[in-house]
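Open the model in your viewer and keep the selection tool at hand.

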Amino acid sequence: MRIFLTGGRGMVGRNFTEHAAAVGHDILAPTSAELDLLDARAVNDWVQQQQPDVVVHAAGRVGGIQANMRDPVAFLTENLDMGRNVVLAARRAGVPRLLNLGSSCMYPRNVPNPLAEQTVLTGELEPTNEGYALAKIMVARLCDYIGRENPSLQYRTLIPCNLYGRHDKFDPKHSHLVPAVIHKIHEAKSAGRDEVDIWGSGKVRREFMYAGDLADCMWRALDHFDTLPLYLNVGLGSDLSILDYYHAVARIVGFEGKFVHDLTKPEGMAQKLVDTTRLQTWGWRATTSLESGIAQTYQFYLEGRQA
């Protein structure tokens, strides 16, 4: 299978290409220097020339609360432009299948948890990452519209929960919760500090899945494309509090200090747990435990610091 993978150097893309199922496939994953996804003409020309069998759109500008609040314009425009350019180029070239990566940020802030696929666009979004969420929703709807106009084009969207894992970003300016906590607690232990600060109460709940599990689901999707619904949540079906994640990382890193809460900082939605009913019916589940996932991620973090 000839696969055009966007975001091949990001966490999701690298886990996808490292998966055992990748062997034997022709994966085309141009870097941003080789193909600027913000350049519509360049993307059109590239897809027309390469004629992939399927497109996997995993590229995007990503980050945690701090990054989203600091750069909302970039999170909206860059994610929208990349998605639009890739999806429309695939359509023009007649690529029959496209797997789009959405985000659980697409869900309204006030709908009941767990978040079911049919609740997208039924309410107000979480303000701290609204720009990113709007872009993800628009690209997912574009895929939907294309299939309505031409049923021979199967363009589907996976909606993963929060992710962490190998090839994650650990810089606090750009990182999500788990890698940020790994970096913060490692730094505290290395400096001999006995306190680590937590944004907010630590009581809000989040669902974090190991990125290698998402890659496994993506490969299954490519093998069972005909059975994919338009939108499919990919998650664990269970969540933990922010404080639970801090304690889990502390156990792996070996930090024995205490946590101090900064109640002036934003926490985001009180809970964000995806409904995995469709996923279970479809026949897939994640298999990596939190302890194993954090241990593998921490090892990758340490290797990066030693390089």
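Which residues of the largest nonpolar core touch the most other members? Select Leu99, Met218 and Leu222: these three do, in a core of 46 residues. Bear in mind throughout that this is a predicted model.

Next, colour helix H7, residues 211–223. Seven residues of this core come from H7, which is the largest share. In soluble globular proteins, nonpolar side chains tend to be buried together.

Stay with Leu222 and display its surroundings. Beyond neighbours within four places in sequence, Leu222 is in contact with Met1, Ile3, Phe16, Val54, Val56, Arg97 and Leu99. Leu99 in that list is itself one of the residues that touch the most other core members.

Now move to Phe170, Phe255, Leu290 and Ile294. These belong to a second, separate core, made up of 28 residues.

**Helices H6 and H8**

Select H6 (residues 177–191) together with H8 (residues 242–253). Their axes come within 9 Å and cross at roughly 50°, so the two helices are oblique to each other. The crossing of H6 with H8 is right-handed.

To see the contact, show side chains on both helices. On the H6 side, pick Leu177, Val178, Val181, Ile182, Lys184, Ile185, His186 and Lys189. On the H8 side, they meet Ile242, Tyr245, Tyr246, Val249, Ala250 and Val253. Coloured by class, the contact of H6 with H8 shows 11 nonpolar residues, one polar and two charged.

**Helices H2 and H4**

Eight residues in the contact of H2 with H4 are nonpolar, three are polar and one is charged.

**Glu130**

Is Glu130 buried or partly exposed? With a relative accessible area of 37%, Glu130 is partly exposed. Finally, draw a distance from the C-alpha atom of Glu130 to that of Met106: the two are separated by 8.5 Å, although the residues are 24 apart along the chain.

Key
Residues are numbered from 1 along each chain as its sequence is written. This is a predicted model: local features need pLDDT of at least 70, side-chain atom pairs count only at pLDDT 80 or more; totals for chains, interfaces and linings use all residues. Side-chain values use heavy atoms; hydrogens and water are left out. A nonpolar core is a set of buried Ala, Val, Leu, Ile, Met, Phe, Trp, Tyr and Cys residues joined through side-chain atoms within 4.5 Å. Buried means under 20% relative accessible area, exposed over 50%, partly exposed in between (1.4 Å probe, protein chains only). Helices (H or I, at least four residues) and strands (E, at least two) are DSSP runs, numbered from the N terminus. Contact means heavy atoms within 4.5 Å. Axes are lines fitted to C-alpha atoms, for helices over the stretch in contact, and angles run from 0 to 180 degrees between N-to-C directions. Angles under 35 degrees count as roughly parallel, over 145 as roughly antiparallel, 65 to 115 as roughly perpendicular and the rest as oblique. A crossing is left-handed if the near helix is turned anticlockwise from the far one by less than a right angle, and right-handed if clockwise. Ala, Val, Leu, Ile, Met, Phe, Trp, Tyr, Cys and Pro count as nonpolar, Asp, Glu, Lys and Arg as charged, and the others, Gly among them, as polar.
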